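Keep the 3D view open as you read.

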Amino acid sequence: MINMKIAYNLLILSILVVCIWFVYVSVDSKAYYRKIYRGILWAAVLMYLNRLLAVSMEQDLISYGEWMLAAERLVHYFLTLAIYTLYAYFIFCLVGQFHYYSRKRKIAFWSVNLAVNVLLITSPWTHAIFYVEDGVAYHGKLFFILILTRGIYALLATVYALMKRKLMIKIFGQSIILLAVFAAIQVTQFLICHDETMYYSTLIVNIIIFLLTITMVEFYKDSTTELLNKKAFRQFIDREIGKPGNEAVYLIKLKNYEYLRDNCYEPSVMVLVRQLAEYMKEYSMLSSIYYFEDGKFGIVVRQKDRFDENTFLDRLKERFCVPFELNGASINLTLFVAVLDVRNGKINKDNFYRYFAVCDGLKYRSNELIEVVRSDSFGIDELQRYRNIEDAIERALAEHEFEMYYQPIISTQTGRVVSAEALIRLTDRLMGFVSPEEFIPISENNGKILEISEYVIDSVFRFVKENDIAAMGMEFVEMNLSAMQCMDKNLTEKLQYYIHKYDIDPRRINLEITETATNFDEHRLKEQLLDIKKLGFTFSLDDYGTGYSNLVRVLEYPVDVIKLDKSIVWAAFTDRDSFVTIKNLISMFHDVRRKLVAEGVENEEQMITLKELGCDYVQGYYYSRPVPKTAFIEYTKSINN
Ligand code: C2E
Ligand code: CA
Ligand code: CA
């Protein structure tokens, strides 16, 4: 019997040691709730060590005085209460937003624990909770308060977690229920049979359930922000959207994210993102906040939540008025907020992700600090258009309705056509003309871009095959590659296949890539581009000046030509600073042996100025709009001969 009890405690201690080991090696993040869990584990270890002492005293294994018995009891009661309090604290932090509770609530939470501890510590004199007499420990008159307090903490936390379980990931809700069941068993046992062994066993089971839970929770947490991740979001949406009680889903995007990611030291960008996550939590007072990476947050609001959109947005605005600190520099940030109203069933399980994608793809229209867009305002129309375009793409692929147009690119030195940009056109029989600016992103979203690009490659290569472009005085034809195409791992092989199919010289084709392609795996992109370059193709960097081009990074890519986007070209004619910028850009790129094309040249004045600035080539309506290939060939012949 003697050894049984000791062995039992040693067993539990060793389980705890394993738990502690596990928690330290397996979860490396510094999340707050995990620290609390570690606190619980350590408290449990101390408690069982104390139990060992108690058992040894019980069995007369060691000699002890009354003071030691009192100390043992004191430590025991203190630690059991601490475990329950920490358990509640843990749940409140994990499920809710303990940090942002009002001071009153925080004080209320801790003061109960404190008050009972005061009763406990003074017990040797007041005999309130316990006392020791003739070598035996007895319960004091107020002992029930200790038990009650433990129960209240446990109950509060469990009820709170159950109330919020819909917002949490499934596994978490389940383990809370499991915990509640074990807690109930614990209490009943204690009340009915006073069986301590059983009591301690259920406690350890709870601690293990906890461990498993927080390990599982890891899969649903974003490691940078400690917020729930995309996976958790999907789980929530799949389970909850369409059910009553849900009010709105917010998609919040940091507009400047790409710029930051491309230009700033990564760890400091992460610090910034973490800071934003804190604001989201603090300002919304909600715990249902998700981080989807790339500077995108999601917030789910339910009817029961005490969430006020105006307050939330006002507080964000207040914060975003003030520049953010990044690596010692201060930087202005702006947000895009899309609000999806999920109350009336218009947005339901079947169309949620479509709506979400539409929101995500919406163009930024204003320069406000916080740009807010609502699903009911773009709603049906934009969604319908999105779907119609998806259908039109489908039709165009099936019925070969896509067409390639060509727009000449002219040398400022000679005035001759030196190349052309191939631009895709879609004229749908139902929708009429649809701009590539609209259908390319949609096709990237639903994956059709790869089929479209197959068509583009085929027609451009055939064009080069059928026309001796060198004889026409042209160096090459420029073909656009979308970001997603660039990352298509079969791109190199595809291009190779078409070289053979049409038996053409790859030097006659130049591929236009954009910086957005670098959003993907940069390392792989560079390798892929180098492989393609080895085949003989050259590259242009398209849309330079939109977004936030980084000169140094541009040079890391094997591009020979930089295409200045029409927006900065136009800006140069209305704004002095942009003019100087363009001027310097041109000379800078010349210094590193890159050629420049200015897009969007619409009049003679622009052409002359760009020529004076030393820009090598120009492209724009001033010369020709994109036209079908026969018209293009005619045009080129008339200019070049
Ligand atoms: P981009 O690559 O920047 O193409 C240049 C766009 O500027 C073309 O629009 C062209 O028509 C337009 N543009 C040229 N000169 C002028 C001018 O003087 N004034 C004005 N206002 N506009 C001018 P487009 O054809 O509507 O194409 C839009 C975008 O769609 C392209 O922008 C490109 O990103 C994408 N795209 C077009 N064709 C293809 C393609 O075959 N494959 C891929 N992946 N993307 C394509
Ligand atoms: Ca282009
Ligand atoms: Ca462009």
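Isoleucine 152 is partly exposed, with 45% relative accessible area, in this predicted model. You'll find isoleucine 152 in helix H6, which covers residues 143–163. Together with Phe144, Leu148 and Leu156, Ile152 makes a nonpolar surface patch of about 400 Å².

Now for the rings. Searching the whole structure turns up 34 aromatic pairs. Take phenylalanine 292 and phenylalanine 356: their ring centres are 5.8 Å apart and their planes sit at 90°, so this pair is edge-to-face. Phenylalanine 292 is in the loop between strands E4 and E5, while phenylalanine 356 belongs to helix H13, so the pair ties together parts 64 residues apart in sequence. Both phenylalanine 292 and phenylalanine 356 are buried. Phenylalanine 461 and phenylalanine 537 have centres 6.1 Å apart and planes at 40°, so that pair counts as tilted. There's also a cluster in which ring pairs link Tyr89, Phe92, Phe109, Trp110, Tyr153 and Tyr160.

Last stop, the metals. Which protein residues donate to the calcium ion (ligand 2)? They are Glu421, Asn480, Glu512 and Asp542, at 2.0 to 2.3 Å. Asparagine 480 sits in strand E13 and aspartate 542 in strand E15, so the two tie together parts 62 residues apart in sequence. Asparagine 480 is partly exposed at 23%, whereas aspartate 542 is buried at 7% relative accessibility. Aspartate 542 also coordinates the calcium ion (ligand 3), and the two ions, ligand 2 and ligand 3, are 3.9 Å apart.

Terms used. Residues are numbered from 1 along each chain as its sequence is written. Chains are lettered from A and ligands numbered from 1 in the order in which they are written. This is a predicted model: local features need pLDDT of at least 70, side-chain atom pairs count only at pLDDT 80 or more; totals for chains, interfaces and linings use all residues. Side-chain values use heavy atoms; hydrogens and water are left out. Donors are N, O and S atoms within 2.8 Å of the metal (3.2 Å for Na, K and Ca); water is not among the atoms, so sites may look incomplete. Helices (H or I, at least four residues) and strands (E, at least two) are DSSP runs, numbered from the N terminus. Buried means under 20% relative accessible area, exposed over 50%, partly exposed in between (1.4 Å probe, protein chains only). Patches are made of residues with over 30% relative accessible area and no salt bridge: like charges are joined within 9 Å, nonpolar side chains (Val, Leu, Ile, Met, Phe, Trp, Tyr) within 5 Å. Accessible areas come from the Shrake-Rupley method with a 1.4 Å probe; for residues, only the protein chains shown count as cover. A salt bridge is a side-chain nitrogen of Lys or Arg within 4 Å of a carboxyl oxygen of Asp or Glu. Rings of Phe, Tyr and Trp (its six-membered ring) pair if their centres lie within 6.5 Å; planes under 30 degrees apart count as stacked, over 60 as edge-to-face and the rest as tilted.
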